[in-house]
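Please keep both in view while working through the points.

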Amino acid sequence: MTDTARARKLADRIRVVVAEMLQRRIKDPRLGYVTITDTRVTGDLREATVFYTVLGDDEERAASAAALESAKGVLRSEVGRQTGVRFTPSLTFVPDALPDNARTIDDLLAKAKAADAQVRQASSDATYAGDADPYRKPGEEAAEGSGAADGDSTDSTDSTDSTDSTDGTDGKGSSDA
């Protein structure tokens, strides 16, 4: 089994060689604005997958794919000459889906931003259903307790009677009916 570091180095070198060849030596008129984005080499260094993007519409992408397929032999021989490996890997050109995925994510982020703006707009005009601050503060309890007559204040939780239940139960979960 071959070292993955060697496969990575070979992939990087193949990417550089193919990009330079497309820029300088391949003069196919079908070849549009092609960018080599990534290259991956198998562990046995026999096959290389070259990922590319094309600036333009679907017609230009199809024409560039055909141009890359027709130039595959010239590119492979140049890769073999410049890398100096015993077996020159076969090249496979695959259109990179990264720009399409990025465009989809950007569209989803724009939709989320618009939805957040709508929620922010709706909440800016909203008012509280009750008091603005429904929680008691420590100073308010002392003020309410001092207003009651000498110890006549009763806690609301202690005054519940299990026989006066409004839901038809006796307070223990069983029904009177």
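Does Pro95 count as buried or exposed? Pro95 counts as exposed, because its relative accessibility is 55% and the threshold for that class is over 50%. The model discussed here is predicted.

**Overall make-up**

- The secondary structure of the protein consists of five helices and three strands.
- Along the sequence, these elements follow the pattern α-β-β-α-α-β-α-α.
- The protein has 177 residues, of which 19% count as buried.
- Of the contacts between residues at least 6 apart in sequence, 59% join residues at least 24 apart.

**The sheet**

- Three strands form an open sheet in the order E1-E2-E3, and their pairing is mixed.
- Strands E1 and E3 stand at the edges with a single partner strand each, so one side of each has no neighbour in the sheet.
- From one strand to the next, the twist averages 30°.
- The antiparallel part of the sheet joins E1 (residues 33–41) to E2 (residues 47–55) over eight bridges. Within this pair, Ile36 has Tyr52 of E2 as its bridge partner.
- The hairpin of E1 and E2 has five residues between the strands, and Leu45 in this hairpin takes a positive phi near 60°.
- The parallel part of the sheet is the pairing of E2 with E3, which are joined by six bridges. Here Val50 stands opposite Phe93 in E3.
- Helix H2 packs on the sheet and touches E1, E2 and E3. The direction of H2 makes about 150° with that of E2.

- Ser64 belongs to helix H2, which covers residues 58–70.
- Ser64 is classed as buried because its relative accessible area is 0%, and the class requires a value under 20%.
- When neighbours within four places in sequence are left aside, the contacts of Ser64 are Arg30, Leu31, Gly32, Val34 and Val54.

**Pro95 and its strand**

- Pro95 lies in strand E3, which spans residues 90–95.
- Pro95 and Phe51 are 44 residues apart along the chain, yet their C-alpha atoms are separated by 5.6 Å.
- Pro95 is also one of the residues that line the largest pocket.

**The largest pocket**

- The volume of the largest pocket is about 220 Å³.
- Which elements give two or more residues to the lining of the largest pocket? They are E2 and helix H4, which spans residues 98–124.
- E2 gives the most to this lining, with four residues.
- The lining includes Tyr52, Thr53, Val54 and Leu55, and also Gly56 and Arg61.
- Sorted by class, the lining has six nonpolar, two polar and four charged residues.

Note on methods. Residues numbered from 1 in each chain as written. Predicted model: local features only at pLDDT ≥ 70, side-chain atom pairs only at ≥ 80, totals over all residues. Heavy atoms only, no water. Pairing = 2+ DSSP bridges. 1 Å grid on protein atoms, 1.4 Å probe; cavity = no way out; pocket = protein on both sides within 12 Å on 5 of 7 lines; lining within 4 Å. Points joined across faces, edges and corners; volume = space filled by probe spheres on them. Nonpolar A, V, L, I, M, F, W, Y, C, P; charged D, E, K, R; others polar. Buried < 20%, exposed > 50% of the residue type's maximum accessible area, 1.4 Å probe, protein only. Contact = heavy atoms within 4.5 Å. Axes fitted to C-alpha atoms, helices over the stretch in contact; angles between N-to-C directions.
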